[in-house]
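Visitor: Could you walk me through a model and show me how to read its features?
Guide: Gladly; let us look at it together.

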Amino acid sequence: MSFLIVQVYPPGPFFQSLDYLLPNTDSTPPPIGSRVLIPLRNQKIIGIVGGYTEHTQVAPHKLKWVIEVLDFEPIFPAWQRDFLSWLANYYQASLGDVYHMAMPKPIREGKPLILKKKVEIKKNKTKASFELTSFQAEAVNRILSSQDIFQTFLLHGVTGSGKTEVYLQIIETIIKNGQQALVLIPEIGLTPQTLGRFIERFGKGVLSLHSGLTATARTQAWLAAKEGTASIVIGTRSAIFAPFKNLGIIIVDEEHDASFKQQDGIRYSARDAAVVLANMLNIPIILGSATPSLESWFNVQQQKYILLDLPERTQGATLPTWHFIDLRNKNFQEGLSSELLDMIKEHLSQGNQVLIFLNRRGFSPAWLCSSCGYSPKCHQCDTLLTYHTKPAKLSCHYCGHIQKIHYECNKCSGSMQPLGLGTQRIEEALMNYFSNVPIIRIDSDTTSRKNSFEKIIEQINQGGAQILIGTQMVSKGHHFPKVSLVAVVNADSGLYSPDFRATEHLAQMLLQVSGRAGRETTLGQVCVQTYWPDHPLWQILVQKKAYEIFASQALIKRQLAALPPFRFAALLRAEGKTALIAQNFLKDLADSAKAFLIEEVSILGPIPAAQAKRAGYYRSQLLFMSKHRKKLQFFLKKLGLTITTHPQRNTVRWHLDVDPIELE
Ligand code: ADP
Ligand code: ZN
Ligand code: ZN
């Protein structure tokens, strides 16, 4: 019988395609980019056809037949195969794994592609657009003048400056031209509020793609993008894999947000990948933020990105004023100074809402013996357990381990007490001070149940004096028109963190959370409690062009310290059942790497991770840095090959993280 040799990419640690036989019949063979079912290691696996060949290295008696052809048209069009190949290559992953990740589960499992019902964008656009401010108009015109041309725009708009309106009006033109739009937003930002603004403008044809959807809903949205019936797809990072028929623009909102970087499996950055994709498709891309990442800011300085500014809030609203409360030598209880309590009282008495920000859930971050200082730790993670009330428990915020509370010390029988502040504790304290005011706590403990977040938002929007207490969940994107005071209970921890990005994250977080104050007619105030009232960062935040000033200064420091974005970095992380296993594995690899190390790449480590033990594993890391992205990539390829033949590779858990966002 005559046959063809087909090259297939199945999921798994394969650096090349695998060859299989296919009967050479009259019917056309499966196209490149389609699914086939193949036998692999005694299992039936779905792989993607990568090509055909006449010669194979596989011995004839070892060649196996394709079991079934699943598609007669490609799942992945050519442009997407190029994109996914780039992604696999850049993030040091196998192409089969990348294909696997890019498919919704039912498609990955071999289900047929059937779009159940066609969705159409309603043509009657339900809510009228705003008349643009001159800054908005300039941004819209500039971006639209670059249709069908690759260009990255950094839309830097202060909080409440109307960035979303800029997106909406650009998308309007793009879809009028018959093209599609992709809007990527952070995990926390994809709320019914955000989606609602798009649906309000464009009708039900706006589709969302995120992990909260059922597999069927995801598949349907994916297929609608493929057929071109969905004009707008809004989603979290994995929406970057939707197989658009005719994509015309990509928008990455809150581009500085860490959730665009996948933190397990294939550690890609959806923001960075989006820029590459826009380049491949020759279309414009907008990265929007009030507090852009220093990487993007640097790219503006390098004239790779075009900066578009929205320096003012819309509708005459002004940016809030800043107040710093010196906590030194003050008497205060439960973390709230009397100055702050007075301000809260003042704002509530005017019928306004107050938002208290504290990025720590639970009652207190430690449970401490007042006699001997003993404080229980997670036995799996080497971190202190957080004390929670209602129900009372000790819980590990890293691995989820929960432990019963002892009120008497295990070591000395002294009495145990909560130490430090969490949102529950602030809530309790404020209930005592303001017994007649509704208090709403917004953290992952109060919002984990389905629709609970929406209910909370509804209650807030009903207005009236209220106190909102929230973690970083409330810092971004939300529009609470009645909030006039934002209070940051403790900003100092970000000032002395070992992570070199800590100040960047602190500045971003403070400006974002301050942006929740006074977004409409009421004048907003931001109040920050600190033990370091003279810290230079505070002097920057109060200025008119706060983020510009911060970013330029921070970039100078990064340059002096030879840190990203002035260097490209990659981390090899290893976890082992003992500290020595992880450490030795990395040390061995660092030694082997010397054989192919190039001058332009430096190796640092191995050193234990800042949190040296997590979920029962000891963690260690090896850092690679280079001035040149290509040189680092060249080096990482060789390193990857070395790891796959290392005798210990299966006794440790390891992964390579290219452009890691946490460098400790
Ligand atoms: P950002 O995303 O920059 O924080 P938003 O897009 O949420 O800002 O806009 C802030 C508010 O201003 C929203 O209520 C929005 O509807 C309103 N808005 C946006 N553009 C205009 C405009 N041109 N005229 C009047 N109001 C506007
Ligand atoms: Zn004790
Ligand atoms: Zn733990």
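**Reading strands, a helix and a metal site**

Guide: Leu37 stands opposite Glu68 in strand S5. Before going on: this is a predicted model, where local features need pLDDT of at least 70, side-chain atom pairs count only at pLDDT 80 or more, and totals for chains, interfaces and linings use all residues. Residues are numbered from 1 along each chain as its sequence is written, chains are lettered from A and ligands numbered from 1 in the order in which they are written, and side-chain values use heavy atoms, leaving out hydrogens and water.

Visitor: How many bridges join S3 to S5?
Guide: Two strands pair if DSSP finds at least two bridges between them, and strands (E, at least two residues) and helices (H or I, at least four) are DSSP runs numbered from the N terminus. Strand S3 (residues 35-40) is joined to S5 by 2 bridges, and they run antiparallel.

Visitor: What is the strand order of the open sheet?
Guide: Its 5 strands are ordered S2-S1-S4-S3-S5, with antiparallel pairing. At the edges are S2 (18-23) and S5 (68-69), each pairing on one side only.

Visitor: Which residues of helix H12 are buried?
Guide: Buried means under 20% relative accessible area, exposed over 50%, and partly exposed in between (1.4 Å probe, protein chains only). In H12 (residues 452-461), the buried ones are Ser452, Phe453, Ile456, Ile457 and Ile460. Down the axis of H12 they fall within an arc of 140° (taken from the directions from the helix axis to the C-beta atoms), so they line one face of the helix. The face turned away from that buried side carries the exposed Lys455 and Glu458.

Visitor: What do the buried residues of H12 pack against?
Guide: With contact meaning heavy atoms within 4.5 Å, they pack against helix H6 (192-202) and strands S14 (353-357), S20 (439-442) and S21 (466-470).

Visitor: Which residues coordinate the zinc ion (ligand 3)?
Guide: Donors are N, O and S atoms within 2.8 Å of the metal (3.2 Å for Na, K and Ca); water is not among the atoms, so sites may look incomplete. Here the SG atoms of Cys378, Cys381, Cys396 and Cys399 coordinate the zinc ion at 2.3 to 2.4 Å. Cys378 lies in the loop between S15 (366-369) and S16 (386-388) and Cys396 in the loop between S17 (393-395) and S18 (402-403), so this pair ties together parts that are 18 residues apart in sequence. Both Cys378 and Cys396 are buried.
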